[in-house]
Amino acid sequence: MAAEEVPTTLLRDLHIKFITELDSKTDELAYWTSEHLRLNGVYWGLTALYLMGREDALDREDVVKFVLSCRNEDGGFGGMTAHDSHLIYTLSAIQILATCNALDRLDCEPTVQYVKSLSKPDGSFTGDIWGEVDTRFSYCALSCLSLLDRLDAIDVNKAIDFIDKCRNFDGGYGSQPGAESHAGQIFCCVGALAIVNALDQVEGDKLGWWLAERQLKNGGLNGRPEKLEDVCYSWWVISALAVLNRVDWINKQKLSTFIIRSQDYETGGIADRPGDYPDVFHTLFGVAGLSLLGHEGLKEVDPRYCMPVEVIQRLGL
């Protein structure tokens, strides 16, 4: 990309077009190879549209019907109609329905019981019936139940204790006890603890330093030491810093510029870094990162839930 072609402002209209046309690209291989992520993709796209002030760009009834079509008999949701249930997809489904103000269309109790069924005696959660344990799933479970106002269904104190066991000497968190610190896991753990009002478990200054050290010379953020920058960490890192009230510990202007430069000025959408191919995943987390940085013209995003503040306030959370 030539220097004169590098975007300098948020290409809002192009991003809206990029997102709303995604479901029409059925002649592309990527459309079919990403089928298992379809429900996540709707969440990513809808949330980005909402933050850009165009939550009406997708047909609400079509979105709600699709989400409900992904629900299984066990109460959980799959990534696509007739796909197996998983906590990650179940969270996306609940987030979408909440954003569309359609939680009343969901019979919540089977979903609550599905989430509860994945809890283990030590307070951890598996992602599905196959048993993988990861702090991502702790976050998904607590976020799901919080959005449904049913945290009473599980032992929250045990969930907090398990997350605390995943805290490392550097203040960060890993996927399991003893696993290395990673920015994505840190968002999950800090976000989960914030949701259940347990931030006293976090070593704020130590973790804030580790997160601030993720910023590279080009302004971008990486997920752990010695790795490349990636736009998605504009969310994983900044959200945790926002929860800890330490966003000012990084150079916000340099990060903003990095995200803006990662846009595709021809097709719209945001890539992982400048010059790469855009996708809806990085588009959401780039837009959400800019929102947390106070970018003009974007609606506020809640750093705990990665959902519009307006929606979280409507839910009374």
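Which helix gives the most residues to the lining of the largest pocket? H3 does, with six residues. The model is predicted, so local features need pLDDT of at least 70 and side-chain atom pairs count only at pLDDT 80 or more, while totals for chains, interfaces and linings use all residues. Residues are numbered from 1 along each chain as its sequence is written, and side-chain values use heavy atoms, with hydrogens and water left out.

**Overall fold**

- The protein chain has 14 helices and two strands, taken as DSSP runs numbered from the N terminus (helices: H or I, at least four residues; strands: E, at least two).
- A compact globule of 317 residues would have a radius of gyration near 20 Å, and the 19 Å of the protein chain agrees with this; the radius is taken over C-alpha atoms, and the globule rule is 2.2 Å times the number of residues to the power 0.38.
- Along the principal axes, the C-alpha atoms fill a box of roughly 55 × 45 × 35 Å.
- Of the 317 residues, 57% count as buried, meaning under 20% relative accessible area with a 1.4 Å probe and protein chains only.
- Of the contacts (heavy atoms within 4.5 Å) between residues at least 6 apart in sequence, 66% join residues at least 24 apart.

- A pocket is an open set of points on a 1 Å grid over the protein atoms alone, where a 1.4 Å probe fits, with protein on both sides within 12 Å along at least five of seven lines; lining residues have an atom within 4 Å of a point.
- The largest pocket has a volume of about 860 Å³, the space filled by probe spheres set on the points, which are joined across faces, edges and corners.
- Among its 27 lining residues, Leu-22, Asp-23, Tyr-31, Arg-38 and Gly-41 lie nearest the centre.
- Helices H1 (12-20), H2 (29-33), H3 (38-51) and H4 (60-69) give two or more residues each to this lining.

**Second largest pocket**

- The second largest pocket holds about 520 Å³ of space, and Ile-88, Arg-136, Cys-188, Trp-236 and Phe-281 are the closest to its centre of the 22 residues that line it.

Terms used: Buried means under 20% relative accessible area, exposed over 50%, partly exposed in between (1.4 Å probe, protein chains only).
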